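Subject: Structure handed over, with notes

Hello,

Here is the structure I promised to pass on. Please open it and keep it beside you as you read.

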Amino acid sequence: MEIGKISLHKTNSAQKVNSQNKASENKLTTNPFGVSFKGNVIQADVFESTKKASANNNGIAEKSKLFASAVVSGINNFNEAFKSRMNSVVSFGKKITKNVFDTIERVGNTEITFDMEGIKNKLFPDRQYSVKNLTNKSVGELKDLWVNLTPQQA
Amino acid sequence: MDNNKKIKNIIQALGEHKDSKDAIELLTEIGTNSPDDEIRELTAQTLIRKNTHDSLRVVLISKGKGINDLSARVAMSSINELLALKDKSEAIKILDDTIKMHSEEDVRNTARSVRALMTFSS
């Protein structure tokens, strides 16, 4: 008789099996509560699935699935992390590019002039007092220069 | 370059300046009133070299300036510069007018002496 996955055996018939088989069956007896069904004591193996071997295989398969899932999850996580890092790298690159273009545009719109006369006068302070340079200055500028020099002269 | 050298260069630049009128005014205002004999001397020489009516009037008829300067060095240097002029006509004209019309006797006497020197040198 078989109910679902539970199979019942009569104890009497089980005693009729040869002694070796009986011994091996007794080893497998794991029914400490003596559960009986219609007067027959239920053997331990009746609680075990008839697909015990395949269950083990499923376990391995499940583990493989778990492992694969973990790998896939890991890959997904890696992809997400890689994407987020790439996004930050890309945004950083865009920012740098924008700054470079802004700088180029700013430089393009900036008029750079060098006051060569000022630089020369800084390097050679007496140069502005040469007669040639003084002649090119206005009389007002010459007056200022003269007045600035006069107090020191006194 | 010391300040005196710078001022000398400024005076020389004013002597060569295109804006002659303003340059003469500046030389008259600051140069001829300088406490430094050397600066006054150079200023007077520059004004005489310009050889214009306005520049010569300053050194010929102004009391204490040019040929009338209290410093013999400045006065003699101015007279030498006048004698060195190629065209003395404007200077002689101003000296003649000074001898005739100037209110200060010292100025008239100095002008007369310089006029005589210029007559002999020309």
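This is a predicted model: local features need pLDDT of at least 70, side-chain atom pairs count only at pLDDT 80 or more; totals for chains, interfaces and linings use all residues.

Chain A first. Its secondary structure comprises six helices and four strands. In sequence order, the pattern runs β-β-α-α-β-β-α-α-α-α. The chain has 154 residues, and 5% of them count as buried. Take the contacts in chain A between residues at least 6 apart in sequence: 36% of these join residues at least 24 apart.

Next, the contact between the chains. Chain A gives 15 residues to it and chain B gives 19 residues. On the chain A side, α5 (131–136) and α6 (139–153) each supply at least two residues. The largest share comes from α6(A), with eight residues. Sorted by class, the side of chain A that touches chain B holds nine nonpolar, four polar and two charged residues.

Last, helix α6 of chain B, residues 89–101. This helix has 13 residues. From first C-alpha to last it reaches 18 Å, close to the 18 Å expected at 1.5 Å a residue. Which of its residues are buried? Ala91(B), Leu95(B) and Thr98(B) are. Seen down the axis of α6(B), the buried residues fall within an arc of 60°, so they line one face of the helix. Their cover includes α4 (53–61), α5 (72–83) and α7 (105–121) of chain B. The face turned away from the buried side of α6(B) carries the exposed residues Ser89(B), Lys93(B), Lys100(B) and Met101(B).

Best wishes

Notes: Residues are numbered from 1 along each chain as its sequence is written. Chains are lettered from A and ligands numbered from 1 in the order in which they are written. The expected span of a helix is 1.5 Å times one less than its number of residues. A residue is buried if 20 or more other C-beta atoms lie within 10 Å of its own, exposed if 12 or fewer, and partly exposed in between; C-beta atoms are placed from the backbone. The arc is that of the directions from the helix axis to the C-beta atoms. Two residues are in contact if their C-beta atoms, placed from the backbone, lie within 7 Å. Ala, Val, Leu, Ile, Met, Phe, Trp, Tyr, Cys and Pro count as nonpolar, Asp, Glu, Lys and Arg as charged, and the others, Gly among them, as polar.
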